[in-house]
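Colleague: Could we go through this model together? I should like to begin with the strands and then turn to the helices.

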Amino acid sequence: MNRTGNVLRMRLLIAATLLIVGCEKPVAEDAASPKPAEILQVAGKTMGTRYEVKIASPPSDLASDWELLIDRELRRVNDQMSTYLSTSELSRFNRSESLDWFEVSPETAMVVAAALQISEKTGGAFDVTVGPLVNLWSFGPQRHEKTLPSQAAIDEAASATGYQSLHVRTDPPALRKDKAALQVDLSSIAKGHGVDRIVDLLVGLGCDNVFVNIGGEIRAVGDKGKDRPWRAGVERPDEATTVLLFPVAVENEAIATSGDYRNFFEIDGKRYSHTIDPRTGRPVVHSMASVSVVAANCMLADAWATALNVLGPEEGPPIAVAESLDAYLLERIDGQFRPHPTGRFEQWSKPPVTPQD
């Protein structure tokens, strides 16, 4: 990651997506001020969440169908990597019981290759073959009544997992599995990859200033005019409210957050997070509340945020340091939040905050 010239001042994740389509023209502060930058905006649904795209100072020759091009690219991502779309190439690979190479798109092969690298670096804490366990705990496409699975059911599902049994090649692009029942779930990395695809699309159309947000995974290029940076940040991990903790100016980088506070269920007063530890076959039980990661691209930020969230407050920070990650790990202890910043986040860390702050 090129750290020179990147200015980040961490505060609050912009969690609410603007549901605006069209053109935004901010009002100048006074009559003598330069004409504010024109900002085009579009938003919609994708990958089970919402997306938002902003283009500041768009080129005069921007393709008139730029919104349709964004929608088409997002559909391509789903057609390749969705586990909810039965016709996607990933769903077809998951249904296949063949142990031979299965042809996929170059994009899917690239994402799986990146995922396997992070699996190796985390000792399997990040594992995209965790799908059977995600489904078993009712957090996947095969949803059912939220009940606690038996240990026998966990063991059976776990026997069909294991990143070591998944192989990828890029030329020609293909996936291969060693177990007929092996499945791949890219939900922990595909949204970030989707963000990168839209950024690359718009830059290819001549846009120099772009902000893309898919479900809270964000990447920005350039600025929004008058040297004003695009802003994102870190959200307080609280399911009841949306409170932003610290703002962040994002310049030519990405930020992604993974947490336990949006997707979970409770049985007998105990919370079961959607974050499954592939090493145990169960939802994580440690005190990590959320992890935010800044990286050169959103695919890596997305995957590493999930990986560090699985690793938790004891294992996560040392690996973040070893991998030179800019990460903000937030631990929940007795109603308070204790930060574990690494990399550049150490410059912006603050005293622990409580939900009452």
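Modeller: What follows is a discussion of selected strands and helices in this predicted model.

Colleague: Let us begin with β3. Is strand β3 mostly covered or mostly uncovered?

Modeller: Strand β3, residues 49–56, is mostly covered, with six of its eight residues buried.

Colleague: Which strands pair with β3?

Modeller: Strand β2, residues 39–46, is joined to β3 by eight bridges, and the two run antiparallel. Strand β7, residues 210–214, also pairs with β3 in the antiparallel sense, over five bridges.

Colleague: Which residues face each other there? Take alanine 43 to begin with: what is its bridge partner in β3?

Modeller: The partner of alanine 43 is glutamate 52.

Colleague: Changing topic to α6: how far apart are its end C-alpha atoms?

Modeller: They are 21 Å apart. Helix α6 covers residues 190–204, and its 15 residues at 1.5 Å a residue should span 21 Å, so the two values agree.

Colleague: Is α6 enclosed or open?

Modeller: Helix α6 is largely enclosed by the rest of the structure, because twelve of its 15 residues are buried. Among them are Lys191, His193, Asp196 and Arg197, as well as Val195, Ile198 and Leu201.

Colleague: What covers those buried residues?

Modeller: The cover includes the strands β3, β7 and β8 (217–221). It also includes the helices α1 (66–81), α3 (106–121) and α7 (298–322).

Colleague: What comes after the helix? I mean the residue with positive phi.

Modeller: Glycine 206 follows α6, and its phi is positive, near 95 degrees.

Colleague: Now the three-stranded sheet. What is its strand order?

Modeller: The order is β4-β6-β5 in an open sheet with antiparallel pairing. Strands β4 (102–103) and β5 (166–170) stand at the edges with a single partner strand each, so one side of each has no neighbour in the sheet.

Colleague: How many bridges hold β5 and β6?

Modeller: Five bridges pair β5 with β6, residues 173–177, in the antiparallel sense. Within this pairing, threonine 170 stands opposite proline 173 in β6.

Colleague: Lastly, which helix lies across β5 and β6?

Modeller: That is α3, which runs at about 130 degrees to β5. Helix α3 is also among the elements that cover the buried residues of α6.

Conventions: Residues numbered from 1 in each chain as written. Predicted model: local features only at pLDDT ≥ 70, side-chain atom pairs only at ≥ 80, totals over all residues. Heavy atoms only, no water. Buried < 20%, exposed > 50% of the residue type's maximum accessible area, 1.4 Å probe, protein only. Helix = DSSP H or I, 4+ residues; strand = E, 2+ residues; numbered from the N terminus. Pairing = 2+ DSSP bridges. Expected span 1.5 Å × (residues − 1). Contact = heavy atoms within 4.5 Å. Axes fitted to C-alpha atoms, helices over the stretch in contact; angles between N-to-C directions.
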